[in-house]
Amino acid sequence: MLTFRRILAVLLLSGLAGCAQLRPVADAVSGGDHANDDLPDGTGWWYARFSVAEPDISSPRWHIDTLLAGEVVAPVFEQYHADIMIWRVHRRAAHDAAGHVFSFIFYSTAAGARRIYTALDGNAVLQQLVQDGTLTKVQFDDPVRLLRPHIEDTSDAGWPPVVQQTWPALAMGASRMWLDLVGVLADRHADEADLEQRYLDVEQEISDLWATQGQHAVLHHLSALFGYQPLLIRY
């Protein structure tokens with residue numbers, strides 16, 4: 001049976017593998033030095049949430065997620081990946097009070113979270129997105145309060161405990177693939193001066209790749225991993 005320490009060791013090794021694949025962005029900002037005497041000990045999950053303005057709620061602006069990933073999250077991850085043990089991104093655009101929110105979720109110490117939040121907050125592209133109204137809100141957790149110390153604390157509470165404890169590895173791997181796709185494709189559109197148009201193109205290319213390659217590259221190989229057993233699917 002996998003213990004928490006073994007799960008964490010596996011996730012840590014897989015999370016740090018291939019960090020050089022993320023493309024650096026010139027306007028990445030250093031988090032600076034802070035006194036950590038007021039921070040709790042231990043590790044836990046931390047959220048950075050970016051609320052996207054939706055002028056037309058019938059058509060989510062998914063490309064803003066890719067823009068945030070490529071120009072805000074990727075450079076900060078590149079600089080502070082040593083602080084991050086497990087991570088993932090989350091995208092949602094439901095017709096409710098929360099609306100369209102892109103989240104960067106990571107497992108780290110409180111000191112690491114403070115460094116990462118400082119770097120995100122100082123990112124020039126993020127500041128511009130807030131200033132021009134593309135983002136309506138940016139929310140960071142308070143590093144002084146460690147609220148999610150367990151590896152299963154951000155998994156679906158309705159899953160069996162063993163799934164809650166092991167699912168973060170799958171979410172991290174899929175997030176890594178998606179973030180690398182964003183970086184590679186954004187490089188191909190580097191000559192596009194308009195930043196939003198660049199990521200409109202990137203989002204469309206990723207959607208096309210998912211439509212044509214997702215069944216075999218992702219679903220088929222996941223099915224093979226689990227021995228081609230029957231699967232109940234509800235979208």
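This is a predicted model: local features need pLDDT of at least 70, side-chain atom pairs count only at pLDDT 80 or more; totals for chains, interfaces and linings use all residues.
Is Arg-61 buried or exposed? At 19% relative accessibility, Arg-61 counts as buried, since the cut-off for that label is under 20%.

**Figure 1. The whole chain, before we zoom in.** Of the 235 residues, 40% count as buried. Take the contacts with a separation of 6 or more: 77% of them involve residues 24 or more positions apart. The chain exposes about 13000 Å², and carbon and sulfur atoms supply 57% of that area.

**Figure 2. Inside the largest nonpolar core.** This core has 47 residues. Those with the most contacts inside it are Leu-68, Trp-87, Phe-102, Phe-104, Phe-106, Ile-116 and Leu-135. H2 gives the largest share, with 10 residues.

**Figure 3. Leu-135 and its surroundings.** Leu-135 is back from the previous view, where it was listed among the core residues with the most contacts. Setting aside neighbours within four places in sequence, Leu-135 is in contact with Phe-50, Ser-51, Val-52 and Ala-53, and also with Ile-64 and Leu-68.

Figure 4. An α-helix has 3.6 residues a turn, so residues three or four places apart point the same way.

Figure 5. At the start of the helix, a side-chain oxygen of Asn-123 reaches to within 2.9 Å of the backbone nitrogen of Val-125. Just after H4 comes Gly-133, with a positive phi of about 85°.

**Figure 6. Arg-49 and Asp-141, one of the salt bridges.** A search of the whole structure finds 10 salt bridges. In this one, the closest N and O atoms of Arg-49 and Asp-141 are 3.9 Å apart. Arg-49 lies in strand E1 and Asp-141 in the loop between E4 and helix H5 (161-188), so the pair ties together parts that are 92 residues apart in sequence. Arg-49 is partly exposed, at 26% relative accessibility, while Asp-141 is buried, at 16%. Arg-148 joins in too: Arg-49, Asp-141 and Arg-148 are linked in a network of salt bridges.

Figure 7. Arg-61 and Glu-196 meet through their side chains in a salt bridge (3.9 Å, N to O). Arg-61 lies in the loop between E1 and H2 and Glu-196 in helix H6, so the pair ties together parts that are 135 residues apart in sequence. Glu-196 counts as partly exposed at 30% relative accessibility. Glu-196 is also touched by His-63, a residue of helix H2. Not counting residues up to four places away in sequence, His-63 touches Tyr-199, Leu-200 and Glu-203 as well. At 7% relative accessibility, His-63 counts as buried.

**Figure 8. Asp-83 paired with Arg-115.** The closest N and O atoms of this salt bridge are 2.8 Å apart. Asp-83 lies in the loop between H2 and strand E2 (86-93) and Arg-115 in helix H3, so the pair ties together parts that are 32 residues apart in sequence. Asp-83 is buried, at 17% relative accessibility, and Arg-115 is partly exposed, at 26%.

Figure 9. Tyr-228 is found in the segment after H6. Its phi is near 55°, a positive value in a residue other than glycine. Most residues other than glycine have a negative phi. With 53% relative accessibility, Tyr-228 counts as exposed.

Notes
Residues are numbered from 1 along each chain as its sequence is written. Side-chain values use heavy atoms; hydrogens and water are left out. A polar contact is a pair of N or O atoms within 3.5 Å; within protein, one must be able to donate a hydrogen and the other to accept it, and residues adjacent in sequence count only if both atoms are side-chain atoms. Helices (H or I, at least four residues) and strands (E, at least two) are DSSP runs, numbered from the N terminus. A salt bridge is a side-chain nitrogen of Lys or Arg within 4 Å of a carboxyl oxygen of Asp or Glu. Buried means under 20% relative accessible area, exposed over 50%, partly exposed in between (1.4 Å probe, protein chains only). A nonpolar core is a set of buried Ala, Val, Leu, Ile, Met, Phe, Trp, Tyr and Cys residues joined through side-chain atoms within 4.5 Å. Contact means heavy atoms within 4.5 Å. Accessible areas come from the Shrake-Rupley method with a 1.4 Å probe; for residues, only the protein chains shown count as cover.
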